[in-house]
Amino acid sequence: MLWLTWRQHRTQLLVTLGFLAVIGGILLLSGQVALGSASGKIASYCYGGGVPCRDYDAGLEDLYQKIYPLIVILPFVPLLSGVFWGAPLLAREYERGTYQLVWTQSVSRGRWLAAKFGVLAVVAALAGLASGQMFGRWLEIFPGKAETLNETSYFGAVGVAPAAWWLFAFALGTAAGVLVRKTLPAIAITAAVFVAASITLMLLRPHYAEPVRTVGVDPSTKDGLIVRAGRVAPDGRELRLLDEVPECPRGKGMNACVEAAGYRDFTVYQPAGRFWRFQWTEAGILLAATAVLGGVAAGGTVRRRR
């Protein structure tokens, strides 16, 4: 069965290996460009809410902002394992009718599915780990960008989360193929559910743990995930940062006026030290979903009469 799996899916496996090699090469070359872009000129960025200023190299930050639109696409790369591996895995067998021959051979349906699903699932997990490590090492070139919670747009593309996302996408595609038994509809369902899951977990991420609330400037909020920020009025009321402060008209000197009037900034955030805790939390959620989807695929294959 291992040989058969290799013969049937070697193109997918080799294309994936080549894709990761290309990604690695691009990251390596762009990393060299980034190192050459470091200007040594340190600038500061502050955005209120009790969050302290961040220092960064102006040259590196300029380059980072230019390539940021490409970075935010990376969390959707695992979708490839769903649409090109998972969806056709069983749907194509049903479309072509080849399952009627395959399942009458000496190899049982369960063993046939376990071999094909298991091999591709392991490769998907390894591909996710490889991509996550490569991207994480590349981010280390940019100070404050690696192992941080405040960049939720690519949180799922670093650490151990990518392996879980690759597995989830693959299992999702396989389950969709079993349910609809058509390749193109299975691909469409996989893409739609994957995007919905990505958005849902991005919205849930700030609530993986009880956030910390701090009043005033707190250095520990640096690189953390800001859940909410605002001001506390002298009477205890909470205001948003954009809300009007009657005693202090907008303009130069407003911040000093607000402080003198007794208002204090507050920040509700997830500390950066919870990065790996959140990584394993998200991976656990995705692995649980993967187990359910794998059960759907297995049940729909083994129990189906025709």
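**Exercise 1.** How many residues does the largest nonpolar core have, and which of them have the most contacts inside it?

*Solution.* The model is a predicted one.
Step 1: the largest nonpolar core has 57 residues.
Step 2: the residues with the most contacts inside this core are F135, W165 and F168.
Step 3: two or more residues each are given to the core by α1 (2-37), α2 (58-71), α3 (79-96), α5 (109-139), α6, α7 and α9 (275-302).
Step 4: α6 supplies the largest share, 12 residues.
Step 5: a second, separate core has 7 residues, including A233, V245, M254 and V258.

**Exercise 2.** Determine which residues F135 contacts, leaving aside neighbours within four places in sequence.

*Solution.* Step 1: apply the contact criterion of heavy atoms within 4.5 Å.
Step 1: the partners of F135 are then L27, I71, L74, Y154, A157 and V158, once neighbours within four places in sequence are left aside.

**Exercise 3.** Describe how helix α6 is placed against helix α7.

*Solution.* Step 1: a pair of packed helices is described by the angle between the axes and the distance between the axes.
Step 1: α6 spans residues 161-180 and α7 spans residues 183-204; their axes come within 9 Å and cross at roughly 140 degrees.
Step 2: an angle over 145 degrees would count as roughly antiparallel, and 65 to 115 as roughly perpendicular. α6 and α7 are therefore oblique to each other.
Step 3: the crossing of α6 past α7 is right-handed.
Step 4: on the α6 side, the contact is formed by W165, F168, A169, L172, G173, A176, G177 and V180. These meet P185, A186, I189, T190, V193, F194, A197, S198 and L201 of α7.
Step 5: by class, the residues of this contact are 13 nonpolar and 4 polar, with no charged ones.

**Exercise 4.** Is P271 buried or exposed, and which residues does P271 touch beyond four places in sequence?

*Solution.* Step 1: P271 is in the loop between β6 (264-270) and α9.
Step 1: the relative accessible area of P271 is 18%. Buried means under 20%, so P271 is buried.
Step 2: beyond four places in sequence, P271 touches L149, V212 and G224.
Step 3: K222 is 49 residues from P271 in sequence, with a C-alpha to C-alpha distance of 8.0 Å.

Technical notes: Residues are numbered from 1 along each chain as its sequence is written. This is a predicted model: local features need pLDDT of at least 70, side-chain atom pairs count only at pLDDT 80 or more; totals for chains, interfaces and linings use all residues. Side-chain values use heavy atoms; hydrogens and water are left out. Axes are lines fitted to C-alpha atoms, for helices over the stretch in contact, and angles run from 0 to 180 degrees between N-to-C directions. Helices (H or I, at least four residues) and strands (E, at least two) are DSSP runs, numbered from the N terminus. Angles under 35 degrees count as roughly parallel, over 145 as roughly antiparallel, 65 to 115 as roughly perpendicular and the rest as oblique. A crossing is left-handed if the near helix is turned anticlockwise from the far one by less than a right angle, and right-handed if clockwise. Ala, Val, Leu, Ile, Met, Phe, Trp, Tyr, Cys and Pro count as nonpolar, Asp, Glu, Lys and Arg as charged, and the others, Gly among them, as polar. A nonpolar core is a set of buried Ala, Val, Leu, Ile, Met, Phe, Trp, Tyr and Cys residues joined through side-chain atoms within 4.5 Å. Buried means under 20% relative accessible area, exposed over 50%, partly exposed in between (1.4 Å probe, protein chains only).
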